[in-house]
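Please read them beside the coordinates.

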Amino acid sequence: MRIATWNVNSITARLPRLLAWLESTGTDVLCVQETKCTAEQFPADELRELGYESAVNATGRWNGVALISRVGLEDVVTGLPGDPGYEGVHEPRAISATCGPARVWSVYVPNGREVDHPHYAYKLQWFEALKAAVAGDAGGSRPFAVMGDYNVAPTDDDVWDISLFDGATHVTPAERAALAELRETGLSDVVPRPLKYDHPFTYWDYRQLGFPKNRGMRIDLVYGNEPFAKAVKDSYVDREERKGKGASDHAPVVVDLDV
DNA sequence: ATGGCCTGATCTTCAGGA
């Protein structure tokens, strides 16, 4: 089974690329982030024509997550149980379902903006709720993974130049501690291989030739439990999809499972 | 080419992204 995660930065703007990519890669299950659409605008019909079911948690121009599957989509849970909310709003940042042999989450962790911004405290609270919500399945015997845009670079090597991140979000000890606590529920970081250069970055800023200069970050992560991790045969970042006009600023992370 | 983003909505300017 081929499973992947991809922050598409608007599923409406990305639709032609998304459909072509699903067909060319033969992906069975895709976790999507930043749909940037309402539930009504979500392209369920176009996906169904390709043979995919979909489940979506989206409310408009910001955030939004989805699961797309051609191997089953059952027991959908929309949203994050215990979600702390931001300014009184429960944003669409999580959805989970059973897709064939695996239980899967698609998550879009809050950005945090600045370390002293309320959004950063929200980010850490959101991680706490995520940990509590996934702990049971993480320790279970069924293949299970939390996949998505974590908005945290796990190590200094996961950004192109750590010296440029002094005081910035995405690399702070508190954010990395949140990742470590999440792993302690029984999850491990399924690190993909890069298709070029020496590090599997998954995001490159649109600005200042970030992609051609490989000024990237690895912030799109696959956290799998032991049965999931044992089934991994290959994993890679599809940087080809970051190329050219009409690309998202994130590349898909693909995982091939022997399940 | 010596400087260079993209998205959708509040829609010709903005917030947000990371």
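1. Ala66 makes contacts, leaving aside neighbours within four places in sequence, with Val32, Thr35, Phe42, Ser54, Ala55, Val56, Ala58, Ile95 and Ser106; contact here requires C-beta atoms, placed from the backbone, to lie within 7 Å.

2. On conventions: this is a predicted model, in which local features need pLDDT of at least 70 and side-chain atom pairs count only at pLDDT 80 or more, while totals for chains, interfaces and linings use all residues. Residues are numbered from 1 along each chain as its sequence is written, and chains are lettered from A and ligands numbered from 1 in the order in which they are written.

3. Ala66 belongs to the largest nonpolar core, which has 70 residues. Such a core is a set of buried Ala, Val, Leu, Ile, Met, Phe, Trp, Tyr and Cys residues joined through C-beta atoms within 7 Å. Val32, Ala66, Leu67, Val104 and Ala145 have the most contacts inside it. Helix H3 (residues 118–138) gives the most to this core, with seven residues.

4. An open sheet of six strands runs in the order E5-E6-E7-E8-E12-E9, with mixed pairing. Strands (E, at least two residues) and helices (H or I, at least four) are DSSP runs numbered from the N terminus, and two strands pair if DSSP finds at least two bridges between them. Strand E5 (74–78) and strand E9 (188–189) are the edges, each pairing on one side only. Strand E7 (residues 102–108) and strand E8 (residues 144–149) are parallel, over six bridges, and Val104 stands opposite Ala145 in E8.

5. Val146 is also found in E8. Val146 counts as buried because 30 C-beta neighbours lie inside 10 Å; the cut-off for buried is 20 or more other C-beta atoms within 10 Å, for exposed 12 or fewer, and partly exposed lies in between, with C-beta atoms placed from the backbone. Beyond four places in sequence, Val146 is in contact with Trp105, Val107, Val134, Leu187 and Tyr223.

6. Strand E2 (residues 29–33) has five of its five residues buried. Val29, Cys31 and Gln33 point one way, and Leu30 and Val32 the other. In a regular strand the side chains alternate between the two faces of the sheet. Strand E1 (residues 2–7) pairs with E2 in the parallel sense over five bridges, and Thr5 has Cys31 as its bridge partner in E2.

7. Which residues of helix H4 (residues 173–183) are buried? They are Glu175, Ala178, Leu179 and Leu182. Seen down the axis of H4, they fall within an arc of 100°, so they line one face of the helix; the arc is that of the directions from the helix axis to the C-beta atoms. The buried residues of H4 pack against H3 and strand E12 (220–224). Pro173, Ala177 and Ala180, on the other side of H4, are exposed.

8. Glu87, in the loop between E5 and strand E6 (94–99), has a positive phi of about 50°. Tyr197, in the loop between E9 and strand E10 (203–204), has phi near 65°. Glu87 counts as exposed with 8 C-beta neighbours inside 10 Å, and Tyr197 counts as exposed with 11.

9. Around DNA strand B there are 21 residues, of which Ser10, Thr12, Ala13, Arg61 and Tyr206 come nearest. A residue is near the strand if its C-beta atom, placed from the backbone, lies within 6 Å of it. The residues of this surface divide into six nonpolar, 10 polar and five charged. Ala, Val, Leu, Ile, Met, Phe, Trp, Tyr, Cys and Pro count as nonpolar, Asp, Glu, Lys and Arg as charged, and the others, Gly among them, as polar.

Technical notes:
Two residues are in contact if their C-beta atoms, placed from the backbone, lie within 7 Å.
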